[in-house]
Amino acid sequence: MKRVPLVLGAILAVVLVGGPWLPQWAMFIVTIAFARGLVALGLMLLLRAGLVSFGQALYYCLGAYAAGALGRFLGVSDIVVEMLAGGAVAAAVAFVLGFLLARYRGIFFGLLSLALSMILYGLLVKNEALGSTDGFNILPSRLFGLRPGPDWVRYIVMACAAVIAVGAALLVHRFLGTPLGRLAPAIKDNEIRVEYMGASARYAVHVKYVLAAALAGVGGALAATTVGHIDPDMAYWTTSGEFIFIAILGGTGNVVAPFAAALLYGAIHTTAYDLSPNTWQMSLGIALLLLIVFLPQGLFGRFAWK
Amino acid sequence: MQQLLSVAVDGVIYSAWLFIAALGLTLIYGVMKIVNVTHGSFYALGAYAGASFTGVWLARGYPPVLSYAVLFGAAILITLAFAPLIERGILRFMYAKDEVVILLITYALFLILEDVIKLIWGVNPYFIAEPYALLGSFQVAGMAYPTYNLLLVALAVVFGGGLAWFLSGTRIGKLLRAVIHDPEVSRAMGVNVERYYLATFTFGSLLAALAGSYTAPTVSVVPGLGVEIIVLSFAVVVIGGLGSLPGAALGAVLVGLVRSLSVHYLPQVELFVIYFVMAMVLALRPRGLFSLEEPRKI
């Protein structure tokens, strides 16, 4: 019954203790999986209410650029500060846009979020101060003012990612148990009944939207500091497509699923790209098709852990 | 004054191109309620087919004037090879699903087709400049424009006018409108709705392929060609109202003019304005500028 906290704790322990023995490339994949998993976790919140955002890359990119701007203009490159800033900027923007988006459902929610993410893309592509299409490099990561040595920096970033991701997952797990969190499937099933119950569907969607954006912002900042470079493609619609793929792969059963799906996606991406660079998208497409048709609950949908 | 004139000419040319690209998307949404991401794939398929067929045609020394017909034929062939297969093989089993889920399915198909294109044509770029250069150029206020662009404008008028006439003036077109309004009642009245869906998807995809094949001479045909056109045509169609034919025309003209204004006066916002207009329309009139009020459904 306390399965989720236990599983999350185990994941954290394995990553922190086993981490130093991982090869550098594997640390990179795990860290990126945490970043993408955070975004997918936010998408899962929205998916539970029946909403598909085709523009989550907006917040992913905002988070990344917030982290980048910290280093570029203020000289700050502390991992934790970057991630908090990324999440805060994304949440602030989502709070404002949420007043608009919370009124939308179905295809219009998707298209409006798509338009908003493309607006950011359009702005960044033409902004020379931020490197236009090339983007710019992120300062080397620091932690609490210390600069880890080159052998340790990947591990440090991964450890911070694990701590933050597990913390976020726990928070979301708690949120899913609150009355507001439990409203999501009801909104998906029948919104009018939700209103008759005295609850506000719009308020619930707004809260979920801001939460999802904050998670995506943290994920974006994490990806930025891991990769060491950011560019406007992080806001492009294909990036949003990747996140939707991961969220659907994981399903909406529990908060661990998005991270498992993100890790699986990273592994598939890396191996498939290695084996056959010209057909990996096809394998993704086929997988997505099969998932939607045969496993609409996602790979981990059966495990509706409490 | 002179600059305004070239803004207008650029705007009209870009609008025409956008309209051809977006027309099929709005048709397919109007009839089938599918927001079709594979539209971009058919655009790319058309571009590749047009480029390679015309390339062979010219290399064999056949009359270059007929290359415009080859572009047309290439689009038809490539559409017939893929569109019926996709509709009959996959999409028809999905119609009962939610609009957003069908969108995801077409996204999956788009990913698959992206690589199918790479498998067929490889990853090297294709160039066919001859049809573009062949027609020479015309002058407006001292600026030279390739006459080929006039061909695009003519095509846009022919396609748009033709489709409007087909929908309102022919028996099949009227039946199609009946299917749009109520597929179930149409079915009860003996209309073969399935066949109309197949025809609509094929014809809508053909329009995308035609847009691609007639764009091929003006660009280098490279992988990823269809990726950008998807969001652009989404923007056009959403601005006018999903599923509306005059809406698509209005959206195309609006986006075309806004873009050409910004290119001439404020190039930094070129991409931004297009999606800004799209977001504003969605915010103020979510069903588009050309839409009727729709009662809220439970």
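Trainee: How close do the axes of α1(B) and α6(B) come, and at what angle do they cross?

Mentor: Quick caveat before that: this is a predicted model, where local features need pLDDT of at least 70, side-chain atom pairs count only at pLDDT 80 or more, and totals for chains, interfaces and linings use all residues. Residues are numbered from 1 along each chain as its sequence is written, while chains are lettered from A and ligands numbered from 1 in the order in which they are written. Now, the axes of α1 (residues 2-32) and α6 (residues 148-169) of chain B come within 8 Å and cross at roughly 45 degrees. Axes here are lines fitted to C-alpha atoms, for helices over the stretch in contact, with angles from 0 to 180 degrees between N-to-C directions.

Trainee: Why is α1(B) called oblique to α6(B)?

Mentor: Under 35 degrees counts as roughly parallel, over 145 as roughly antiparallel, 65 to 115 as roughly perpendicular, and the rest as oblique. The crossing is at roughly 45 degrees, and that makes α1(B) oblique to α6(B).

Trainee: Which residues of α1(B) and α6(B) meet?

Mentor: Among them are B:Val12, B:Ala16 and B:Trp17 in α1(B), and B:Leu152, B:Phe159 and B:Gly160 in α6(B). The contact's residues divide into 13 nonpolar, two polar and no charged.

Trainee: What makes β1(B) and β2(B) a pair?

Mentor: Pairing takes at least two DSSP bridges between two strands. Four bridges join β1 (residues 137-140) to β2 (residues 143-146) of chain B, and the strands run antiparallel. B:Ser137, for instance, has B:Pro146 as its bridge partner in β2(B). They form a hairpin with two residues between them, and B:Ala141 in the turn has a positive phi of about 50 degrees.

Trainee: How many residues of chain A are in contact with chain B?

Mentor: 35 residues of chain A are in contact with 35 of chain B, contact being C-beta atoms, placed from the backbone, within 7 Å. α5(A) gives the most to chain A's side, with 15 residues.

Definitions and conventions:
Two residues are in contact if their C-beta atoms, placed from the backbone, lie within 7 Å. Ala, Val, Leu, Ile, Met, Phe, Trp, Tyr, Cys and Pro count as nonpolar, Asp, Glu, Lys and Arg as charged, and the others, Gly among them, as polar.
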